[in-house]
Number of protein chains: 2
Amino acid sequence: MAGAGQYNLHSAPQHVASRFGLDLLERAASKLPLEPARGVVIADYGASQGRNSLLPMSVAIATVRERLAPPTPISMVHTDLPENDFAALFTTLRDDPDSYLRADPAVFSFASGRSFYEQLFPAGSVSLGWSSITVHWLSAPPTAIRRHIFSPLASTNERAAYAARAAEDWTQFLVHRRAELVPGGRLVIVGSGADAGGRSGAEGLLDLANDVLAEMVSDGALAPGVYERMVIPTYYRTREEFIAGLGAASVAEGLELESCSEDALSDPLWSEFQRTGDLDTYARAMSDFTRAFSEPSLFGPVAVRGPLQATADEFYARLTQAIKGRPERAASNWHLVLLSIRKR
Amino acid sequence: MAGAGQYNLHSAPQHVASRFGLDLLERAASKLPLEPARGVVIADYGASQGRNSLLPMSVAIATVRERLAPPTPISMVHTDLPENDFAALFTTLRDDPDSYLRADPAVFSFASGRSFYEQLFPAGSVSLGWSSITVHWLSAPPTAIRRHIFSPLASTNERAAYAARAAEDWTQFLVHRRAELVPGGRLVIVGSGADAGGRSGAEGLLDLANDVLAEMVSDGALAPGVYERMVIPTYYRTREEFIAGLGAASVAEGLELESCSEDALSDPLWSEFQRTGDLDTYARAMSDFTRAFSEPSLFGPVAVRGPLQATADEFYARLTQAIKGRPERAASNWHLVLLSIRKR
């Protein structure tokens, strides 16, 4: 994710997506086994800079608080990769008027800076887990995608490699969450998933982006070798692929699926454009949104980006123009898969 | 502290200082009440970017592990202000060959991004606390220091305001640690303190720095109004001031002093210079060390520094030259006060 608070500013679609999981989260929180003497640990897996976590975590806290009054402590742990902008996360928790820290002095917030493809917590210590629009990020790209940057639009062989890695990663994710959860604990996932045909809903936007990159290669603005290594290391699982992971032997004896549903996220930037008719704002917002989730993957971490920073600036500027030329193609109706999972 | 890993690179004196507390830490860790079923929480208060925590936290873990075998979990929580460079902390924990994470898969690391003048943990949840070269940082500067930047060299009235704030802050620090510790838990402090006359041991270095700033004011390179507001918000407590805090009613019924000693930290940069005779390297290292701890206080957080960044660059360049001119004056023999405190 882009640092210096950029993800907080340009992640409106992810923000709206998390709302789809609120009912599920509230139901899960209402059914947790609670031990007043122990307190409760809630884990927010893949929190980025925290803004999109404030509402769901407030809902989780409020629901737990109906059954467990202060001063019983609630520990809230936001996880993300070590390089994440945790300073933005912690300043958001301190300063944002919607921060759950303002409402409840017996809530204690922490971060874990490790990949959620590892075990992050002591065994049997987490009561409630939440992960919204995160598990489509793979542990690493299994292969390059030569003529695209987006796995749903990769070649058949490339796509098979992504599907295989996604299956392994999902199993690892579940194995570790199984270890971390208390018996009866819940894990709620809002997944950026795919329809039965494997489409995420953002193929138009990412195709536009790929066209711009191809144009930069033919212009000489981007070296072909650099382009061929570019990839956003995500995979969008179908409902069936999500459910299949729960059947793995290492998972099934510890976790059971309580509910699984699908939904479609109407693009909030497109809706806003329909309301205002302001094409410039729409194109810039869509390009900024794309930049916030894709720039570190495509152009490398800021610290080592070097001359590629100018290339990145050029790319997102051209993408803004391309979106202005084909605004409807950029609109993304992301496919969501929502799961509630119970630790046996 | 300076971000982007700068504090990790330029904090050798703080690193050496922490070694003075290792025996005390090991003794404290060997006496903790341990409950295998619960696991253990160790808190590292004021961790900055983590490098200086690796050795003491490895000692603490190894000592606990002699009595509590894996897989009993040890949770290690590094705290610092929200703006701290936690990405540097977490990447250090992942990548540094000396990271305790490499030696023990049942250690789980976390961060807390809040001031240690608040309660950071649920009541009765921390077994062992460690804080090295941190508690001299005040919660906020109580007043400007008009003709200096360093409280030991402030006017009598200004210094009294710093002493009063330091007393309040130390009481607050202890009140919150008292709440957080388990009965029988220990808190080990390596304090950057003062001798009976209130001297920290770094007066020569900070006087040089202040002279350089005064010179910049008279040159017109620094506005007088900016200079007068500049301060490093620290206070160096005498042994008596440290001990007095434990007598406050809100503290004394919960915490008892197990040991208190004083030590002097011979300047490791000066020792290196005596060995090599390399004045350029010494002056640059001393200026970088000063910059790493003072730049955000003197020139503001990076994000809002604006044109003051050029002033800061100019200041530390001039300081390097000033140190070259008076190398012995910059050598700092910090006064340390070491405490081991037990929760009743």
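This is a predicted model: local features need pLDDT of at least 70, side-chain atom pairs count only at pLDDT 80 or more; totals for chains, interfaces and linings use all residues.
Trainee: How do you know that the copies are related as by a two-fold rotation axis?

Mentor: Chain A is superposed on chain B by a rotation of 180° with 0.1 Å of shift along the axis, at an RMSD of 0.0 Å. The relation is thus that of a two-fold rotation axis. In chain A, the C-alpha of A:Ala111 is the one nearest this axis, at 2.5 Å.

Trainee: How many residues are in contact between chain A and chain B, and what area do the chains bury between them?

Mentor: The contact involves 24 residues of chain A and 24 residues of chain B. About 1900 Å² is buried between the chains, 66% of it on carbon and sulfur atoms. On the side of chain A, the residues that lose the most area are A:Phe90, A:Phe108 and A:Phe110, together 27% of what that side buries.

Trainee: Why is the pair A:Arg94 and B:Glu83 called a salt bridge?

Mentor: The N to O distance between their side chains is 2.9 Å. The cut-off between a side-chain nitrogen of Arg and a carboxyl oxygen of Glu is 4 Å, so the pair qualifies. The count between chain A and chain B is 2 salt bridges. Strand 2 (74-79), helix 5 and strand 3 (107-112) of chain A each give two or more residues to the side that touches chain B, and strand 3 gives the most, with 6 residues.

Trainee: What makes helix 5 of chain A largely enclosed by the rest of the structure?

Mentor: Of the 10 residues in this helix (residues 86-95), 8 are buried, so the helix is largely enclosed. Among the buried residues are A:Phe86, A:Leu89, A:Phe90 and A:Leu93.

Trainee: Why does B:Thr234 count as buried?

Mentor: Its relative accessibility is 1%, and buried means under 20%, so B:Thr234 falls in that class. B:Thr234 lies in the loop between helix 8 (224-229) and helix 9 (239-245) of chain B. Residues that B:Thr234 touches include B:His136, B:Trp137, B:Phe150 and B:Tyr162.

Trainee: Why are B:Asp211 and B:Arg329 said to tie together parts that are apart in sequence?

Mentor: Their side chains meet in a salt bridge of 3.3 Å, N to O. B:Asp211 lies in helix 7 (residues 203-219) and B:Arg329 in helix 14 (residues 327-330) of chain B, so the pair ties together parts 118 residues apart.

Trainee: Which residues have the most contacts inside the largest nonpolar core?

Mentor: They are A:Ile149, A:Phe315, B:Ile149 and B:Phe315, in a core of 138 residues. A second, separate core has 51 residues, including A:Phe110 and B:Phe173.

Conventions. Residues are numbered from 1 along each chain as its sequence is written. Chains are lettered from A and ligands numbered from 1 in the order in which they are written. Side-chain values use heavy atoms; hydrogens and water are left out. A nonpolar core is a set of buried Ala, Val, Leu, Ile, Met, Phe, Trp, Tyr and Cys residues joined through side-chain atoms within 4.5 Å. Buried means under 20% relative accessible area, exposed over 50%, partly exposed in between (1.4 Å probe, protein chains only). Helices (H or I, at least four residues) and strands (E, at least two) are DSSP runs, numbered from the N terminus. Copies are superposed by least squares on the C-alpha atoms of residues with pLDDT of at least 70 in both. Contact means heavy atoms within 4.5 Å. Buried area is the accessible area (1.4 Å probe) that two parts lose on being put together, summed over both. Lists of a residue's contacts leave out its neighbours within four places in sequence.
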